[in-house]
Structure formats: structure tokens, C-alpha cells
Amino acid sequence: MQISLNWIRQFCPFETTESPREIGARFSLHTAEVEHWSIRGSNLSQILVAAVLGVKPHPNADRLTVVEVDIGRGEKRDVVCGAPNVRPGILVPYAAPGIVVDGHEIRETKVRGVLSQGMLCSEKELELSVDSTGLWELPPDALAGTPIATLRPDLRDVILEVDNKSLTHRPDLWGHHGIAREFSAIYHAPLLALKADDGLANSRGQSQIRVSVEGKGVGGRDGFCRRYCGLQIDGVRVSPSPDWLRHRLAFIGARSVNNIVDVTNYILFELGQPLHAFDTQRIEGAEVRVRRAHQGEELDLLDGQEVKLDHEDLVIADARSAIALAGVMGGAGSQITESTTSIFLESANFAPARVRRASVRVGKRTDSSLRFEKSLDPENARTGILRAARMVLDLCPEAKVIGPLKDLAHEPAQTIEISTSAAILTRRLGAEIEAREVRATLDRLGFLVRGDTGGEWKVRVPSWRATKDVSMREDLVEEIGRIHGYDQIKPFAPEWTCDSPRVNEHRRLERTAKEFLALHCGMSEIFTYSLVGAAHCQRFGLDPQSHLKLKNPMSEDMDRLRQEIAPMHLEKAVENQRYARSFGFFELGRVYRKKKDRRQASDLPDERSHLAGCISFEKKIPENFYTVRHFVLSLLERLRVADAQVVPPSEASIKPWAHPGVHARVRLRSKDCGQIYRVHPAIEAILGLEGDVILFDLDFDALFESRQREIIYQSPLKYPTVPFDVAVIAPERVPVSEIQEKIEKAAGKLLLSAEVFDVFHGEQSGQGQKSVAFHLIFGALDRTLSGEERKEIEERVMEALKSSGFPLRQ
Amino acid sequence: MESVDFAEVLSPDPAHFEHAVKEDLSTIQAEFAALLRNVSDEKELATLKVHLLGKKGRITGLLKELGQLSPDERQACGKRINELKSYVEEALGEAEASFVDRQMRERLETEWVDVSLNLSRRPVGNLHPVSQVQYEIEDIFSAMGFEVLDGPHVETDEVNFEALNIPKEHPARDMQDTFYLEDGNLLRTHTSTIQVRGMQRLKPPFKIIGPGKVFRSERIDASHEVTFHQLEGMMVNRDIKVAHLIHFMKVLLSSIFRREVEVRLRPGYFPFVEPGFELDIRCLLCSGKGCSVCKQVGWVELLPCGMVHPNVLRAGNIDPDKYSGFAFGLGLDRLVMMRYGIDDIRHFHSADLRFIRQFR
Ligand SMILES: [Zn+2]
């Protein structure tokens, strides 16, 4: 919202030596954020009144004219001009060379071969109008040579632009008078009240318009309309507004339409109360009904759009049909035209939620709907309409109010009284503020404080703050704090007993895991979206229907919650392979599944944390799988996960995009908790992946649950150990673990460790065979093994291997 | 160098002994000296040593056979043989030392690396920059006694809105474009849900933070994302004041930016706090003089905060007459963008390692 300081000063003549920027900053600190500020009319002291003496066609351009002007003291200038309304006898603004107009410096220059000594200006060029085409025609009694600033001192102004979002909770700040009240509190300056001409409410005569507010819609929290004021004015003449009114509206960014519409807008920006003017003659059956719309009822809005209404919408209707969407926009059929002679002014208080819903539904956030949805003060409906009527009468001397004010369904804002004291309010702030200052601030903001200054208070909330904004002590704390200035509060630490916080073990484990993968495995952490589309699911062989769907997705490719992370990683691997071949990344993210036995609506889906990784290797070699296998196992070791095992895959554990052969299942206490695998060749081909892409995916919540492996200390061995190497021939696909089990079983307790140190396939081992070499260490905790003992174990091991069908290799 | 057959030259021949002792031990000495000069490596040196001083060595042999001589001869010969032995030992020792010396010199001369050559390409990984900042802030708060909490991404309307004093039809729901699920739940639009769940679980006094992912239905562009990260903080105790909030924010921000930062509170409206504030920091780029980053204002809006609304405390089963508290929300993505001058929020979810790996 744009604020004119001239307009503010009309209500609150505050004094300050601050610059516009500083005024804006102060307002931001105390009330609401000022996003921009601008100075208007600063060049008007240099722009002069010029009388048009003669107009000649431009010799080289059809649309241009060469205008001779008198700029005072008998001086004359020739100016090339393109305005359609230039003609001898009128007075227009003239900018001499060197003056900056609308951001451009005027220069004496030849225009199509004719010298132009300056510029004649339109209102738009002087920022006095949002949309003007011709030159600004000045009043005929102005004197050539007079600076415009002297002629119109009101045109020098400062405009502050306040962020609408920071006014969300303040219905009273949507007009200049409310803003002026803030200035009064901030600058300790008086505030002039907005007077309504009460006499007009009791005008004589009888309006032919009958007004009714329908049925159950009236009043109450869920009511449609909390007040409806209407007033008929006859004898109006619709014409352009006077300059001062047009300019004032232009300064705050509003378009001038005609005198009647401009009056309703003026009151909107002054008081924050939206009004609407109907053409009395165009109200069918002379009847105004405030009612709910019929389902499917149609209405042509005055911006030319036709909308279909909903039974939840509130409309203003005449005897035949809807003529306005209440609080949002009037209809085209009943709007003011140039031939209008009688108007019916409406100033109401519509239910915020209704207005908001309707405006969102039809896509019209208007100046009116923006205000209604903030819960306006019902008192303003009456004040607004009476001030508007007074203005109409001033602008149209022949106009006459017909009949008394129609004021229906009036439901005053609740009276709210808050018990508190200066001490309570300042204590919550943690600041020392004198009770007198606290009370003065509340006074200036319109609160009625009863009670001794130093004692208990009853604070009555003014009607314009009582619609929902202020209702409790904490709200008053804010009033005092912000006007006093939060920067005046000295910060300090609260008293608190020293206690160590509870550690969130899950998050700590997450961090340990992430740091391990980054530092030990050289992988980088990435984030991917939780949202995927059906096409993505299908591409990777997942059923899109089993996914949790969004009701209001932004796009088809992000319309449901993922159940798997790995497919996204494959897509990201493709993207990264454009720049590099060898890399690794991981993500600790969540996957989401429908709850199996969902009992009530508030039951949330199953969310599980997964730790998934993807490593791209330069070449496809078997070692890659073992590298990733090692990463995963050492990670589990680091996380102190107990009883982890890597076993061959089961049918169910193999994901559609995974290679079934180069594949391992990770098990924790005989429950599956993850996989390590190469990407399936078919997916590899579809995606165009190169090199060797190995993935892993671990159910992190499962890891968390079995993280409690304890460290059991054993003193290092005191007695020497004995190494023994043995190599066997085994069929290609017999897992090494199977051979090792035989060794372990045969060797018994004296086997301290067994490690595979060599595996090779080749001619020596025979077709379909491999050779596996183990490095065994024997020893005992309490003695040195004797030569016989040694020999005996070695024999046992070799015998066991041979009898299990693993011939020894020499 | 030619190899020398010591066995041939210095064979321990007893017949030779007579001659040697009787003739001149100095001849052996001369022969040895000549041989030693021709020795070319440690192995030859060792062989020479064995042939002279070994168990069956020539000098050893001479000493053994001394017994056959008369006492006078024995004494005279013994003395001379021992002199020869010392001489040989010393000479061999010197030769050995010079060989070790030479070898060391050779190694030092030949062993060399090209420091510009990168043969081992084992990478150093890293955490996402948002995680890094998140952990940094978690550490600051943990040190101040805050507990770290989290909650589900999919939330109920109750937790995400109602319990935060944002009833249906409240205009504040407009400020947050919410993703709704077909099952009636929604994706949390802020980490304030963690506050709500924290209050339900903990008894005051408590200090909590809740970092996490949040979701908004916004059109994605350089400054808008459908997923980003917030860190929520909350402190509840008897008699918590605005002055305490300002204190904590100053400590926090000075830690984050690693220097004294100037903060200011402005009135700000958020339904879950009363009073509510926008916290600005003095623009770090221009120190407040005004620049494009701060839109010439000298201050940068950083985070919303405020005193917890009594309705929110009530929804969390906390009596607002006994307890008060403050809460704040920090946008982690924005913080990272500010710290590194990143101009496009889309990088964070791009998984582009050219972006991520810069933050090692
Ligand atoms: Zn700056």
C-alpha cells in the first residue's frame, strides 16, 4: 500500500527533521515494513506555466506540431510537441532544457529538423496520473512563468510503500487515517478525528430503494454481513474529478475513473472502508438484497469478466439477479456511467472468510476484498458512507441525499476489556518503561485506560482493533514494545539451571554415517526431491498407483511421494556422467508408504529414513562391487551395528533396476535391511549409463535399531601366534564363506583369524573352478602352542577341506 | 670391475703357512691391500672377509697353527699375525663404511618425486553445504543446552496449522502454499510442526531446535523451491522475555557469522507468536551504508521470531499463565546462499557434483 505523507499530515501534523528514508525506517521499526520511498514533485519548482500562443504543423512529421509558448516575462520558446490536445490559448507545464523529467534530462535538440527548446509535459510525465495521453491543461487563471510548485504546493509529497504482508493482521492500517494514528503514537503528535456528517444520516425524503439482508446469513461469527449501510443520492453529474483528487489518487497508484468512483476510492484509501456506487436506475425492481448466490448463478463483473457463482458466495442482488459479488467487485450491469444521475452508495461489513474465499475462487484480489478479509471495523461502514456522501455533495453542488441512511444488520464489534498493568506489560518485554509512557502510548493508539497509572488497569480496545487483532495482554505487550522501540530493550540471558541436553541418538548416528561416507569413502552428499511422477515410477518398474498422491500437485512429474531413492540417484548419475566418469554420492532421505492398517484420517503414512549411495566407476571390473561392499561393511562397523551380514540376494530383494547377479543383500539379525548391487544392464542401456554404476541402499531406521554393539575389551595376546596358509580349489560359484565355515569348524577355538588373501580363476584352477588361499592364525590366550598341537590343527583343517570336496592346492 | 677369486689367492694352505710366517707376513698384507682395492661391492667384501677372518679363514688358520711353533717363534709370529689381523679388520671396516656411505649417497641421488604429478585420485567427499551449516548451528545450540528434535514430513492439518493458531480460512494460510495429500494430510510447510510435537512431549522448562526439510507448492525459480530447509528453535520457561529472545539471537548470529552482528527487531505478523518480529541484521556486505543486497536499506531481513502465542502454548498443553517462551525460524538455504554468495536456490537439489563438491 502506498502512503502519501501529505495526506497523513492532514490528520497528524507530525514534525520531524528526518529524511524520507529515515521516516520510512522509523515506520518499519515501529509499525510495518516500508519497502520503498519516493519523493514526488521535486522538479515542479523548475517547471513553469506556459501559455500556448500558436500551433504550426511540423514540416517533416504528420503527428508532430511546432508550438510557440510564452513562458512568462515576455519570453517565448518553440517546442516540438506530439500531444493531440495542444491548441492556442491553453496553459500547459513547460520544462526548459537541463531539467529532469520522468528520469530524463530535457535537452535543446532538433526533432526531425526543427529545433525544440524544451518540453511541454503531460500529467503522466510529471507522475500526477497513472495514464494520461495529452498535455496537462492548467487552470485558465494561472499566470505564465509561475512555477508549478507555487501554483500547486500540494504536489510535493513523499510516498512510502508499505509491504501489504506486514499489514495482514491490522485492519485499521488499510487507510491513511489509521496510518496517521501510528504516526501520532510514534512522533507524539496530535491526531485529528475523522468526522462524519451525522446530519446526512437523517436526510429528508424517501429513497425508492428497498434494502434487505437475508435470512440466517446475518450476524454472528459465521454471518455473511455484519452491517449494511445504503444511501441514495440524486442529482449527481458524473464527470472527471478535480485535479487535486485525481492527483492524490495518482500519487498512491490509483487510477482516476470519474468523480463518483473516485470518491468511493478516496474513502477506501482514507478510512480503509470499501464502498460501492450503483446506478439507482439500473437496480431492477428498486430492490437491494444481500443474499447467498444461487448455485451456478452468473454475474458479469465490471472488469468485463463473467463468473459463475457458488452457493457459498455472498452477492448483492436486485429483484432479478446478482448485481455485485459482495466485497469483491461490482457488476457491469449496475455500474456508474456518464449518464448516471442517481446513485445508491453501499458501505457494508462483509464476513472476512466469505469475501476471501470468493475472491480466491474467482481470482480477483481487489482493493476491496483485501480489506474485507482483514476483519474491518463495522463502525467504519457508517463513517465511510457519510464521508463519501459529503464529498459527492461537495463535488456535485446540485446533488441531494434522498431519505435517511439505511443501516441494517448492525452488529457492533465486541467490546473487549483487558485487565493488566504497566508492570505486567513491561515485565514481558524485559524493559524498564515508565508507567506514564506506557499509558500515553495506549492513549495515542486509541485504547481507553482506566485505573491509576501505577496500579491495575482495565484497558478497553478501540473498535478498529477489536475485530480480532487485539484481544489479550500479549497484544498490548506488542503495542508497548513496538512503539517504545525494540531496539531500546537491553538484551540479557535468562536464568536457567545448567543441564546437559538430551542427545538425539538418531540424528547423531545420521551425522556419523554421513561424515563417514564423505571422509572415508570419498562420496559427496546430495539432496533429491521427495516428489516423483508416474512416468518416473513406470520407467523403473514401480507401480505408480501404490504411491501416496498429492491432491494439488504443481506438475505431473512431481505429483506423488517417492517410495525409493535409488531410481532418482540413477537419473542423477546420468546427469553427472556428462561431466565426470568417476564419482560417488549419497543421500540420507526419506521414503513414504501408505500405512497398511490406516484407522483414522489423522494416521500418518510410514516414513523411513534410507541411506542410499551411488558410485560411478570408470571401467566395468569386478573389483568395483567389492569396493562398495567394503564401504558398506566398514560403515556398519563404524556405526557399531551389531550382527550385520552380507548374503546372496533373494528374489524379493532384487529391485527391478538392479543386476540380479552382481547383487548382495545386507541382513541385520536375519532381517533384510539393504542391498548392494550393480545397475541392471537393461536400465543401463535405457538411461545411457557408462562405466560401472554400483548402488547401495540401507534402511537407516533398521541400522539405528541395531546400533548397540558394545565394545568388549580384551588384552592383547601375550603368547606368540602361528600363521598357516592354505589354498583350495573350489567350484566358481561356491561362496568363500562356505569354505571358511569349514575351516572355522575344523580349527575350533585356537583359530584366531582367517582371511582370504588370494582368489584366482584360470588355467591352473581348471574350467569352472577357482583357487582360494586363506591366511590362518592360530594361537591361545594362555600358552604358546606346541609343535604337536600346531600340526594337529593343520591336519584337521586340511582333512576337513578335502573331505568337503575342496582339494588342496600345493 | 673384474671379479676376484679370493679362494685362489688367499687359500689357507698349511704348507703355505710355514712359508708365510717364515717369509714375510707383509706380503700377505700387500696382497690383501691389492685385493681390497679391487673389491667392487659389499658381497665381494664379505667374501674377502670370510676368506681371511672366517672360521676357516687364512688369518684364523695361521693363528690356529701357531701352536705348532716354538714358544719364542710363537710369541713373535703371534704378535705379527695379530697385528696383521687388526690391520685387516680395520681396513675391512673402513671399506664397509664407505660402501654404506656410497649406497646412501646413491639412493639420495636417485630417489626423487615429481610433486606436480597426481597419480592417486582417491577423492575427498563432503557433506551438502546445507547440512554443513545445519550441523554448525546444531552444535552452537547444543552447547547452549538445546535439544535437537525432528518430526514427520507428512503432517496433519492440526499440527501444521491449527495448533499454531492458524485456523481454516485464516489469511496466513495464503502465505504458505501447501501441498495436500489425497489422504487429507499435508507436507509440512514449516518446521514449526517440530515445536508442536516438542511441546506435546516435553514438560517445561525446555530448549529445543528442529532442523528439517519443508515443502511449499511454489513455482521453482532462482529464489523459490518446492523443498528447502528450516531450523526452528523454541525456549519455554517461567518468565521468558523479549529481552531474552534478543540475547539468544545475538549470540546465535554472531556465532554463525563469526563476528559481532548488529540485529534489530521490527514488528512482524505470524499467527503463532505474539508479539511477533522480523529480525534484521546489519548488511554484512556494505556494513549498513546501503547496497544492492540490502536494497539500499542497510539491513537484511533474516528470520521471523517472537514470543510464543498463548494459544500455541495451550495447544501444546502448557499453561500460558505460568509459562512463556520464544520461538524463531531460520531459513538454512538462504543462510548458505548469503554466506557463499550463491544466486540460485535450485543448485541445492540439483545433485550436480560440480556444485556440491565446491564445499569440501
Ligand atoms: Zn548492503
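Two strands pair if DSSP finds at least two bridges between them. In this predicted model, strand β33 (residues 658-668) and strand β34 (residues 671-679) of chain A are joined by seven bridges. The two strands run antiparallel.

**Where chain A meets chain B**

- The contact involves 82 residues of chain A and 96 residues of chain B.
- About 7,600 Å² of area is buried between chain A and chain B. Carbon and sulfur atoms give 57% of that area.
- Seven salt bridges are found across the interface of chain A and chain B.
- A salt bridge links the side chains of A:Arg590 and B:Asp150, at 2.8 Å from N to O.
- Polar contacts across the interface of chain A and chain B come to 35 residue pairs, with both residues at pLDDT 80 or more.
- Several elements of chain A each supply at least two residues to the side that touches chain B. Among them are the helices α2 (20-30), α8 (352-362) and α13 (473-484), and the strands β27 (524-525) and β30 (583-593).
- Helix α14(A) gives the most to this side of chain A, with seven residues.
- By type, the residues on the side of chain A that touches chain B are 35 nonpolar, 16 polar and 31 charged.

**Around A:His58**

- A:His58 sits in the loop between β3 (48-57) and β4 (65-70) of chain A.
- Buried means under 20% relative accessible area. A:His58 has 5% relative accessibility, so A:His58 counts as buried.
- Beyond its neighbours within four places in sequence, A:His58 is in contact with residues including A:Leu64, A:Val80, A:Val111 and A:Arg112.
- A:Val111 is 53 residues from A:His58 in sequence. In space, the two are 9.5 Å apart, C-alpha to C-alpha.
- A polar atom of the A:His58 side chain lies 2.9 Å from the backbone nitrogen of A:Asn60.

**A seven-strand sheet in chain A**

- Seven strands of chain A form an open sheet with mixed pairing. Their order is β27-β30-β31-β35-β34-β33-β32.
- Strands β27 and β32 (644-647) of chain A stand at the edges. Each has a single partner strand, so one side of each is left without a neighbour in the sheet.
- Strands of a sheet pair through backbone hydrogen bonds, either parallel or antiparallel.
- For A:Val666, the bridge partner in β34(A) is A:Gly674.

Key. Residues numbered from 1 in each chain as written. Chains lettered and ligands numbered in written order. Predicted model: local features only at pLDDT ≥ 70, side-chain atom pairs only at ≥ 80, totals over all residues. Heavy atoms only, no water. Contact = heavy atoms within 4.5 Å. Buried area = accessible area lost by both parts, 1.4 Å probe. Salt bridge = Lys/Arg side-chain N within 4 Å of Asp/Glu carboxyl O. Polar contact = N/O pair within 3.5 Å; in protein donor to acceptor, adjacent residues only side chain to side chain. Helix = DSSP H or I, 4+ residues; strand = E, 2+ residues; numbered from the N terminus. Nonpolar A, V, L, I, M, F, W, Y, C, P; charged D, E, K, R; others polar. Buried < 20%, exposed > 50% of the residue type's maximum accessible area, 1.4 Å probe, protein only.
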